[in-house]
Amino acid sequence: MQSSTKDFLLAIICVILAMITIQSGASIAKQLFPIVGPEGTTALRLGFSALILCLIFKPWKHLPTQGNRTSIIVYGLSLGGMNILFYYAIERIPLGIGVALEFTGPLAVALFSSRRKRDLFWVACAIAGILLLLPDMSSQDSLDPIGVILALAAGACWAAYILFGKKTGSQSSGGATVALGMTIAALVLVPYGGISQSSAFTWGIIPLGIGIAILSSALPYTLEMVALRNMPAQGFSIMLSLEPAFAALAGFIILGELLTLWQWLAILLVIIASVGSSFSSVKKQKNILDLTS
């Protein structure tokens, strides 16, 4: 019992550290935008992340079958689209708000797969949160509308990443799948970032690029794998729902981004919707197991 408790506490610590590293990586990445832009920063992150993950998981040993190649390509393109659209978004809007809007992607996947009427409440919470974040064009302090659209588009890519990740993940190990997807994303966006920002790249940026890749991809993915081995998937998804709050805090501490009370309320509503949908998913899985047992 004591060992089980220690494992669970370790899992909680790993999830918290994963969220901290991801949002710290995003905050550092945002500081690179004035130098190499979102395109160059995306190229650095994806390029070094693909290299690190390939060295660790050796995806060439787990290449997809011919019938599964389309899914892995769409998975990789979704991963790349999610990254660059998110970076384009947080160039224009605060980090915490960008993450909250992007979270609508996985939230939509969870809620659209449900047929329970009570889940309409979580839909209402999510919609209310998004409405609070929509730009008020009459205000001087309103959010950039293009930034909001880009963050929502990043969320759509996240949804596709989840759906096609499930298809590809069933055919190979999780680590190899992510490494393959990251490589596909890198093959598309590293040349784009490198060409568009070629004059801005210097050797001094390389260590920052490696740091962003480790903080945003390699380290949190490893921590999440440890957490999933020591806690139920539903507990993991519920904890992960707190990520917009961690992003807002990282934006405040590292970037000095201040949010209004209404914006904090909007982030809270998105978190409530995400936690609620996670609980609904747990109940749905339990009911299915009860029926089949």
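1. G211 is partly exposed, because its relative accessible area of 25% falls in between the cut-offs of under 20% for buried and over 50% for exposed. This residue is placed in helix 8, and although G211 and A29 stand 182 residues apart in sequence, their C-alpha atoms are 9.4 Å apart in space. Please keep in mind throughout that the model is a predicted one.

2. Helix 8 itself, which runs over residues 206-230, deserves a check of its length.

3. Which residues of helix 8 are buried? They are G209, I212, A213, S216, S217, A218, P220, Y221, L223, E224 and A227.

4. A second residue to look at is S78, which has its place in helix 2, the helix of residues 69-90. S78 has a relative accessible area of 7% and is therefore buried, the cut-off for that word being under 20%. If its neighbours within four places in sequence are left aside, the residues in contact with S78 are C157, A160 and Y161.

5. The next point concerns a pair of helices. Two packed helices are described by the angle between their axes and the distance between the axes. For helix 3 (residues 95-102) and helix 4 (residues 104-112), the axes come within 5 Å and cross at roughly 25 degrees. Helix 3 is therefore roughly parallel to helix 4, as angles under 35 degrees count as roughly parallel.

6. Where these two helices meet, helix 3 contributes A100, L101 and E102, while helix 4 contributes T104, G105 and P106. By type, the residues of this contact divide into 3 nonpolar, 2 polar and 1 charged.

7. Finally, the chain as a whole can be described. Of the 293 residues in the chain, 49% are buried. Among the contacts between residues at least 6 apart in sequence, 87% join residues that are at least 24 apart.

Technical notes
Residues numbered from 1 in each chain as written. Predicted model: local features only at pLDDT ≥ 70, side-chain atom pairs only at ≥ 80, totals over all residues. Heavy atoms only, no water. Axes fitted to C-alpha atoms, helices over the stretch in contact; angles between N-to-C directions. Helix = DSSP H or I, 4+ residues; strand = E, 2+ residues; numbered from the N terminus. Parallel < 35°, antiparallel > 145°, perpendicular 65-115°, else oblique. Contact = heavy atoms within 4.5 Å. Nonpolar A, V, L, I, M, F, W, Y, C, P; charged D, E, K, R; others polar. Buried < 20%, exposed > 50% of the residue type's maximum accessible area, 1.4 Å probe, protein only.
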